[in-house]
Amino acid sequence: MTDWPDTFDFDTDPVCQKQFKPFIKEELASLRAYDDERPDEKTYIFHQHAARVAKDVKKTCLHMGLSEIIANNMYWATLPHDIGKRLLPVGMWDSEEKPSGVIKKVRRTHTLLGVQIVSELFGDVPHPFKALMVDIMAHHHEQLNGEGTLGLSGDKLSKPVRVAAIVEAYDGYRIWRPHFGERDISPPAVIARMREEKGADIYDLDLLEAFAQMKINEYKTIKNFEEKPK
Ligand SMILES: [Fe+2]
Ligand SMILES: [Fe+2]
């Protein structure tokens with residue numbers, strides 16, 4: 001378990017720059033190639049999701065008053081959180097219907113498959129960035145009530161994992177997929193749903209509020225800008 005990462009700076013740390021940065025870039029390129037093999041009608045594009053989630057994690061950290069270094073370390077550690085997806089059969093993501101329990105379970109193995117990729121390459125590299133990246137990769141589908149993918153209880157979930165889990169879920173709900181039907185997926189509606197339906201059982205409420213504030217501010221700014229007469 002790791003807490004806010006302040007013992008290194010990804011942008012100046014030699015191991016991060018020489019080993020982890022090229023690794024993350026290569027992995028995202030592979031995820032992009034994997035996305036290209038999926039049907040054209042897909043709406044939930046994994047490498048784009050990764051980029052959005054990492055950016056929003058960074059913005060949430062800054063909104064909470066955490067340092068630029070922590071926010072940037074969190075950005076890089078979140079980017080590769082779903083790389084394990086490319087090890088699963090490409091045909092298993094894009095069904096018209098809501099996925100069954102079994103399909104969901106197999107899809108969720110992407111967390112530990114990602115960790116496997118990291119261990120194969122960096123098994124012998126001890127580094128706080130690796131620990132952070134692996135923590136987020138392994139645990140971003142856990143829930144505070146212990147009913148997440150691996151069944152880890154809430155006290156085992158670090159703050160980085162908790163914030164990544166919130167931002168990651170939000171992004172998933174914001175992308176329309178066939179089984180969503182007519183559901184309102186505007187930012188305020190998704191946030192309301194996360195607060196009401198999912199709430200404290202699943203998410204860290206302090207972090208959810210910090211994220212929600214950041215998102216709603218951003219949404220209002222964009223809306224004002226769009227509504228301004230030209
Ligand atoms: Fe994931
Ligand atoms: Fe994700």
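Among the elements that cover the buried residues of helix α8 are α7 (159-174) and α9 (205-227), where helices are DSSP runs of H or I at least four residues long, numbered from the N terminus. This is a predicted model, in which local features need pLDDT of at least 70 and side-chain atom pairs count only at pLDDT 80 or more, while totals for chains, interfaces and linings use all residues. Residues are numbered from 1 along each chain as its sequence is written, chains are lettered from A and ligands numbered from 1 in the order in which they are written, and side-chain values use heavy atoms, with hydrogens and water left out.

The residues of α8 that are buried are P187, A189, V190, I191, R193, M194, G199 and I202, buried meaning under 20% relative accessible area with a 1.4 Å probe and protein chains only. Helix α8 covers residues 187-202, and although a straight helix of 16 residues would span 22 Å at 1.5 Å a residue, α8 spans only 19 Å between its end C-alpha atoms. The helix also has a kink of about 50°, centred on E196, where the bend at a residue is the angle between axes fitted to the seven residues ending there and the seven starting there.

We turn now to the metal ions. The iron ion (ligand 2) is coordinated at 1.8 to 2.2 Å by H49 (NE2), H81 (NE2), D82 (OD) and E168 (OE); donors are N, O and S atoms within 2.8 Å of the metal (3.2 Å for Na, K and Ca), and water is not among the atoms, so sites may look incomplete. Along the sequence, these donor residues follow the spacing H-x31-H-D-x85-E.

Which residue coordinates both the iron ion (ligand 2) and the iron ion (ligand 1)? That residue is D82, and the two ions are 3.4 Å apart. D82 is buried, because its relative accessible area is 1%.

The iron ion (ligand 1) is coordinated by D82 (OD), H110 (NE2), H140 (NE2) and H141 (NE2), at 2.1 to 2.2 Å. In sequence, the donor residues of this iron ion are spaced D-x27-H-x29-H-H. Here D82, in the loop between α3 (68-78) and α4 (101-108), and H141, in the loop between α6 (128-139) and α7, form a pair that links distant parts of the chain, 59 residues apart. H141 counts as buried because its relative accessibility is 11%.

Terms used:
Helix = DSSP H or I, 4+ residues; strand = E, 2+ residues; numbered from the N terminus. Expected span 1.5 Å × (residues − 1). Buried < 20%, exposed > 50% of the residue type's maximum accessible area, 1.4 Å probe, protein only. Contact = heavy atoms within 4.5 Å.
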